[in-house]
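Here are my notes on the model, point by point. Please keep the structure open while you read.

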Amino acid sequence: MTTSPSRAWWKTGVGLVLTGLMLFPVYWMINVSFTRDQDMRATPPHLIPINGTLDGYRAVLDQQLPYLGTSFLVGLGTVALTVALAAPAGYALAKLRPPGGSALSFVLLIAQMIPGIIMAMGFYAIYLTLGVLNTLPGLILADTTLAVPFAVLIFTAFMSGIPDELLQAAVVDGAGRLRTFWSVVLPVSRNSIVTVSLFAFLWSWSDFIFASTLAGGGDHQPITLGIYHYIGNNNQQWNAIMATAVVASIPAAVLLILAQRYVSMGVTAGAVKD
Amino acid sequence: MPSTTQTSTTARDKGGAAPTAPPRSHPSRRRRPDRWLAWGFLAPVTVYLIAFYAYPLYRNVELSLRAYTVRSFVQGGAPFAGLDNYRTVLTDPAFGPTLTHTVVFTAASLAFQFTIGMALALFFHQHFPLSRTLRALILVPWLLPLIVSASTWSWLLNSDSGLVNAALGVVGIDGVNWLTSPGWSLTSVIIANVWIGIPFNLVVLYSGLQAIPTEMYEASALDGASGWQRFWGITFPLLRPVSLITLLLGLIYTLKVFDIIWIMTKGGPTGSSATLATWSYRLGFGNLLPEFGPGAAIGNLLIVLALIAGLVYIRIDRRQHLR
């Protein structure tokens with residue numbers, strides 16, 4: 001189509017404004033994280049952190065590191081368990097056509113729709129009986145339920161695209177199904193493994209409902225609870241709260257910078273399957 | 001490299017009786033032992049689904065059918081109460097308002113997310129310098145942990161020191177007690193939820209727009225159709241399937257929303273922003289004396305709503321694939 005360069009740049013201007021509006025709350029979070037306590041309630045509020053302070057970030061370093069560590073461990077655990085469970089399932093559903101496979105896909109689709117609060121209550125009742133409340137493995141297991149159905153569906157969609165010739169070549173070379181999966185399917189599915197891992201990590205990192213119900217009373221509390229306690233306890237220190245929020249947003253930012261195309265893939269794959 | 005057709009009809013298995021397998025179909029369809037072997041790969045996830053989906057759901061149903069006290073919750077032995085918990089919930093004076101809030105929250109969130117998401121998708125679909133980068137940046141609200149978004153909005157909407165009230169003051173409007181007045185709390189959580197949902201709508205609708213062949217636009221441009229006519233004549237009808245799916249997925253997600261409301265208002269003040277999800281949480285975990293039975297009952301009502309939406313989604317999705 002014919003668009004003159006000047007008109008295109010005009011659109012870029014509008015686009016910048018729209019993006020700026022959408023991201024303004026994010027900017028405000030960063031701005032407040034650098035604002036001094038005495039400027040916090042200034043009227044009008046300071047739009048840029050003049051006389052900025054690092055007090056908020058000092059508070060993060062002093063108080064939030066254990067929470068961040070827990071979140072990181074829980075995130076890694078969730079990723080490992082999710083990929084280990086979902087990749088073989090995706091391979092089977094995409095390439096081996098098991099009897100009852102479509103029923104399982106259906107169950108997975110439905111499973112994604114169950115509200116978290118219901119899962120949390122069921123997990124709470126079970127964990128209480130088993131005595132695994134407030135443990136890392138308990139929280140990891142619960143967090144994987146956020147990602148596993150999505151992961152299986154993603155793996156199925158991506159692995160359907162692996163050419164059958166490739167798998168048959170492996171069979172000709174004498175590889176069994178397990179060998180084929182391990183040495184052929186997994187290596188060529190690197191993109192989907194990355195996508196699934198990124199989302200599994202992000203979701204477990206962001207989880208609040210399982211954290212507050214299953215880990216709220218213990219030593220292993222993730223960063224979402226760190227922020228939540230901050231809001232509850234010291235309503236005055238908003239620079240510390242916002243600094244923690246900024247730090248808690250780092251995984252999302254890293255994900256967007258390093259893996260932008262996987263993110264879009266993940267978002268749309270959940271909705272528009274082919 | 002052998003062609004697809006050749007390979008897929010090459011009889012590698014014992015039977016060799018290749019049925020009319022179309023090219024690119026799955027050759028393993030012909031081998032019975034393999035088909036069952038596939039369940040070896042599915043076994044872990046199946047066991048997982050039973051242990052960590054089916055069982056918690058079952059426990060939740062059980063919770064809702066028994067009269068639990070804190071003691072019997074820990075030690076077991078709560079008496080069977082039939083539908084008492086459901087009756088308690090349905091006759092609770094809070095039930096009506098909470099259901100209304102859930103409906104208003106869901107409907108308003110969907111309407112604004114979808115409209116703004118659509119407008120942005122149309123805008124970004126006209127490729128211009130930096131459009132890719134900006135589109136990616138707009139994803140940020142969707143990727144942030146909900147507690148981050150919720151606490152940022154809490155501060156933006158703070159009555160005394162929030163930026164929103166300060167901005168209203170500049171144009172001469174009195175500040176609003178966004179989070180602490182019963183009249184505004186629901187609006188506040190809707191605003192935050194819309195902000196979080198826009199990126200999802202944008203990305204999915206954008207992918208739908210990309211699927212529309214550009215020739216259609218070129219043809220209508222030759223016919224002299226205006227931009228507005230093109231939208232209603234081409235884009236909107238062709239985008240209907242994707243729009244429907246976006247809205248239904250949005251519905252399922254929005255019914256589930258708990259974090260934002262709980263963190264911003266805890267469903268208050270005086271229940272003015274409570275939805276089924278936050279009410280259920282409050283009964284189960286929000287009070288000193290937990291009422292797991294009624295809490296689970298509300299949860300189960302919520303799941304019925306979500307599943308109805310889910311089944312509609314799957315039906316529509318299937319029908320579109322058949323076309």
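1. Start with A:Leu198. Leaving aside residues up to four places away in sequence, A:Leu198 touches A:Leu255, A:Ala259 and A:Tyr262. Contact here means heavy atoms within 4.5 Å. Bear in mind that this is a predicted model.

2. Where does A:Leu198 lie? A:Leu198 is in helix 8 of chain A, which covers residues 190-206. A:Ala142 and A:Leu198 are separated by 56 residues in sequence. In space, their C-alpha atoms are 17 Å apart.

3. Now the fold of chain A. How many helices and strands are there in chain A? The count is twelve helices and zero strands. Read from the N terminus, the order of elements is α-α-α-α-α-α-α-α-α-α-α-α. Along the principal axes, the C-alpha atoms of chain A fill a box of roughly 75 × 70 × 30 Å.

4. Next, packing within chain A. Chain A has 274 residues, and 57% of them are buried. Take the contacts in chain A with a separation of 6 or more: 73% of these join residues 24 or more positions apart.

5. Surface and charge of chain A. The accessible surface is about 11200 Å². Carbon and sulfur atoms hold 67% of that surface. Chain A carries 12 positive and 11 negative side chains. The centres of these two sets are 12 Å apart.

6. Together, chain A and chain B bury about 9500 Å². Of this area, 76% is on carbon and sulfur atoms. Which three residues supply more than any other three of the area that chain A buries against chain B? They are A:Met22, A:Met113 and A:Met121, with 8% of that area. On the residue count, chain A puts 102 residues into the contact and chain B puts in 106.

7. Last, a residue in chain B. B:Asn158 sits in a loop of chain B, between helix 8 (146-156) and helix 9 (163-170). Is B:Asn158 buried or exposed? B:Asn158 counts as buried because its relative accessible area is 18%, and buried means under 20%.

8. Check the neighbours of B:Asn158 too. Its side chain reaches the backbone nitrogen of B:Asp160 at 3.0 Å. Not counting residues up to four places away in sequence, B:Asn158 touches B:Asn165 in chain B and A:Arg41 in chain A.

Methods. Residues are numbered from 1 along each chain as its sequence is written. Chains are lettered from A and ligands numbered from 1 in the order in which they are written. This is a predicted model: local features need pLDDT of at least 70, side-chain atom pairs count only at pLDDT 80 or more; totals for chains, interfaces and linings use all residues. Side-chain values use heavy atoms; hydrogens and water are left out. Helices (H or I, at least four residues) and strands (E, at least two) are DSSP runs, numbered from the N terminus. Buried means under 20% relative accessible area, exposed over 50%, partly exposed in between (1.4 Å probe, protein chains only). A polar contact is a pair of N or O atoms within 3.5 Å; within protein, one must be able to donate a hydrogen and the other to accept it, and residues adjacent in sequence count only if both atoms are side-chain atoms. Accessible areas come from the Shrake-Rupley method with a 1.4 Å probe; for residues, only the protein chains shown count as cover. Lys and Arg count as positive and Asp and Glu as negative; His and the chain ends are not counted. The place of a charge is taken as NZ of Lys, CZ of Arg, CG of Asp or CD of Glu. Buried area is the accessible area (1.4 Å probe) that two parts lose on being put together, summed over both.
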